[in-house]
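Here is a short briefing on one protein chain. Look at the sequence and the structure first, then read on.

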Amino acid sequence: MPMMSSEDFTVHDDGCEAAADGMPISDLPDEVTAIDDLDCECWAEYDSLAEIE
Ligand SMILES: [Zn+2]
């Protein structure tokens, strides 16, 4: 499940240290349209947004 960091509102996979005290979000933000829009390396294991749940 994606998590949103409470510090800078970036989106991370659960378990990522950068979102340790963030909050779970059920849907990715509208501005995220491709896996490349997610900057953190915690998304490296995913090939497409469709794999994220
Ligand atoms: Zn991350």
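**A buried residue to start with**

A19 is buried, as 24 other C-beta atoms lie within 10 Å. Buried here means 20 or more other C-beta atoms within 10 Å of the residue's own; exposed means 12 or fewer, and partly exposed is in between, with C-beta atoms placed from the backbone. This is a predicted model: local features need pLDDT of at least 70, side-chain atom pairs count only at pLDDT 80 or more, and totals for chains, interfaces and linings use all residues. Residues are numbered from 1 along each chain as its sequence is written.

**More on A19**

- A19 sits in the loop between β2 and β3.
- Leaving out residues up to four places away in sequence, A19 touches M3, M4, S5 and H12. Two residues are in contact if their C-beta atoms, placed from the backbone, lie within 7 Å.
- A19 and A44 are 25 residues apart along the chain, and their C-alpha atoms are separated by 16 Å.

**The overall build**

- The protein has three strands and zero helices. Both are DSSP runs, numbered from the N terminus: helices are H or I with at least four residues, and strands are E with at least two.
- Along the sequence, the pattern reads β-β-β.
- The protein is as compact as a globular protein of its length, because its radius of gyration is 10 Å, close to the 10 Å that the globule rule gives for 53 residues. The radius of gyration is taken over C-alpha atoms, and the globule rule is 2.2 Å times the number of residues to the power 0.38.
- Along the principal axes, the C-alpha atoms fill a box of roughly 25 × 20 × 15 Å.
- Of the 53 residues in the protein, 15% are buried.
- Take the contacts between residues at least 6 apart in sequence: 23% of them join residues at least 24 apart.

**The sheet**

- In what order do the three strands stand in the sheet? The order is β2-β1-β3, the sheet is open, and the pairing is antiparallel. Two strands pair if DSSP finds at least two bridges between them.
- β2 (11-13) and β3 (23-24) are at the edges. Each has a single partner strand, so one side of each is left without a neighbour in the sheet.
- Strand β1 covers residues 2-4, and it pairs with β3 in the antiparallel sense over two bridges.
- M4 stands opposite M23 in β3.

**H12, in a strand**

- H12 belongs to strand β2.
- Is H12 buried or exposed? H12 is buried, because 21 other C-beta atoms lie within 10 Å.
- Setting aside neighbours within four places in sequence, H12 is in contact with M3, S5, A18, A19, G22, C40 and C42.
- H12 and L38 are 26 residues apart along the chain, yet 7.7 Å separates their C-alpha atoms.

**Exposed residues**

- F9 is found in the loop between β1 and β2. With 9 C-beta neighbours inside 10 Å, it counts as exposed.
- F9 has a positive phi of about 60°, although it is not a glycine.
- E31 lies in the segment after β3. E31 counts as exposed, because it has 7 C-beta neighbours inside 10 Å.
- From C-alpha to C-alpha, E31 and F9 are 12 Å apart in space; in sequence they are 22 residues apart.
- Where is D36 placed? D36 is in the segment after β3.
- D36 counts as exposed, with 9 C-beta neighbours inside 10 Å.
- D36 and L49 are 13 residues apart along the chain, with their C-alpha atoms separated by 9.4 Å.
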